[in-house]
Amino acid sequence: MDTIRKIIREENLKVPKHVAIIMDGNGRWAKKRNKPRNFGHVQGAKTVEQIIEDGYNMGIEYITVYAFSTENWKRSSEEVGALMRLLQKYLIDCIERSTKNNMKVRVIGDKTGLDSKIVSKINELEEATKDATGLKFTIAINYGGRDEIRRAVSRIAEDVRDCKLEPKDITEDLINNYLDTAGLPDPDLMIRTSGEERLSNFLPWQLAYTEFYFTDVLWPDFTKEDLLKAIRYYNGRDRRFGGV
């Protein structure tokens with residue numbers, strides 16, 4: 001038995017069903033090594049693959065990662081270009097890995113702002129893995145929480161205008177169904193690496209009752225031992241969801 005799984009069993013830890021991750025610190029990790037920022041992004045992508053495997057082996061059912069935000073377009077054209085090329089390569093590689101590992105992959109965010117080649121690979125990846133029954137892996141690309149809510153409200157307004165909905169029909173459950181994450185449970189635990197302690201426009205609706213775990217570890221250095229620390233922290237929280 002894997003050492004981490006043994007620890008989880010012996011400590012009787014409750015593993016969160018859905019973990020969301022803000023993978024921060026790739027650029028700083030590279031800078032510490034006198035390397036270009038893209039070197040950190042490449043290493044960060046490798047860490048994603050390892051943490052997906054480790055998380056699933058621990059019993060996590062859903063993992064959602066923040067890969068590229070709507071605000072990331074403000075970075076230099078060189079870095080954005082490199083990130084887009086890396087994302088395209090990652091999506092291509094992910095098709096083979098996901099089908100092999102029975103992993104269902106979904107991409108959230110505004111796809112209309114992405115290059116057609118990337119959108120094509122997203123569609124191919126989602127189609128190839130739609131029937132997978134293993135880990136549910138969600139990648140946020142060109143994603144912003146406020147933008148997601150804006151797009152959802154716009155679609156609801158259109159349906160009210162077209163008499164498909166009445167204003168009284170607009171409940172929290174209905175709004176959930178118009179969000180990019182429709183059908184996914186809200187995250188139980190949100191992890192942000194690199195020492196920053198803010199959401200940065202990541203899943204503001206979905207994280208309403210999520211436990212937050214912040215660590216100084218830079219994302220490329222994040223390991224299954226760090227994930228275990230986050231799970232231990234999660235187990236120390238008293239989740240009352242507004243009750244007593």
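In the predicted model, Ile4, Ile7 and Ile8 of helix α1 meet Lys224, Glu225, Leu228 and Arg232 of helix α8. By class, this contact holds four nonpolar, no polar and three charged residues. Helix α1 spans residues 3-10, and helix α8 spans residues 224-235. Two packed helices are described by the angle between their axes and the distance between the axes. For α1 and α8, the angle is about 15° and the axes are 11 Å apart. An angle under 35 degrees counts as roughly parallel, so α1 is roughly parallel to α8. The crossing of α1 and α8 is right-handed.

Leu227 also belongs to helix α8. Its relative accessibility is 1%. The cut-off for a buried residue is under 20%, so Leu227 counts as buried. Leu227 and Ile4 are 223 residues apart in sequence, yet their C-alpha atoms are 9.9 Å apart in space. Which residues does Leu227 touch, not counting residues up to four places away in sequence? They are Ile51, Gly55, Met58, Ile60, Ile191 and Phe222.

Helix α3 covers residues 37-58, and helix α4 covers residues 77-100. The axes of α3 and α4 come within 10 Å and cross at roughly 25°. That angle makes α3 roughly parallel to α4. The crossing of α3 and α4 is right-handed. On the α3 side, the contact is made by Arg37, Asn38, His41, Val42, Ala45, Val48, Glu49 and Ile52. On the α4 side, Glu79, Ala82, Leu83, Leu86, Tyr90 and Arg97 take part. The residues of this contact divide into eight nonpolar, two polar and four charged.

Is Glu49 buried or exposed? Its relative accessible area is 19%, so Glu49 is buried. Leaving aside neighbours within four places in sequence, Glu49 is in contact with Tyr90 and Arg97. Both of these partners are among the α4 residues that meet α3. With Tyr90, the link is a polar contact between side chains, at 2.3 Å.

Helix α4 also packs against helix α5, which covers residues 116-129. The axes of α4 and α5 come within 9 Å and cross at roughly 15°. The two helices are therefore roughly parallel to each other. How is the crossing of α4 and α5 handed, left or right? The crossing is left-handed. From α4, the contact draws on Met84, Gln88, Leu91, Ile92, Cys94, Ile95, Ser98 and Thr99. From α5, the residues are Lys117, Ile118, Lys121, Ile122, Glu124, Leu125, Ala128 and Thr129. By class, the contact of α4 with α5 has nine nonpolar, four polar and three charged residues.

Attention now turns to a strand. Thr64 lies in strand β2, which runs over residues 62-69. With a relative accessibility of 2%, Thr64 counts as buried. The C-alpha atoms of Thr64 and Ile22 are separated by 8.8 Å, although the two residues are 42 residues apart along the chain. Residues up to four places away in sequence are again set aside for the contacts of Thr64. What remains is His18, Val19, Ala20, Ile21, Thr138, Phe202 and Leu203.

Leu203, one of the residues touched by Thr64, is in the loop between β5 and β6. Strand β5 covers residues 189-192, and strand β6 covers residues 211-214. At 2% relative accessibility, Leu203 counts as buried. Its backbone also calls for comment. Most residues other than glycine have a negative phi. Leu203 is not a glycine, but it has a positive phi of about 50°.

Ser194 lies in the loop between β5 and β6 too. What is the phi of Ser194? The value is positive, at about 80°, although Ser194 is not a glycine. The relative accessible area of Ser194 is 9%, so this residue is buried.

Note on methods: Residues numbered from 1 in each chain as written. Predicted model: local features only at pLDDT ≥ 70, side-chain atom pairs only at ≥ 80, totals over all residues. Heavy atoms only, no water. Helix = DSSP H or I, 4+ residues; strand = E, 2+ residues; numbered from the N terminus. Buried < 20%, exposed > 50% of the residue type's maximum accessible area, 1.4 Å probe, protein only. Polar contact = N/O pair within 3.5 Å; in protein donor to acceptor, adjacent residues only side chain to side chain. Contact = heavy atoms within 4.5 Å. Axes fitted to C-alpha atoms, helices over the stretch in contact; angles between N-to-C directions. Parallel < 35°, antiparallel > 145°, perpendicular 65-115°, else oblique. Left-handed = near helix turned anticlockwise from the far one by under 90°. Nonpolar A, V, L, I, M, F, W, Y, C, P; charged D, E, K, R; others polar.
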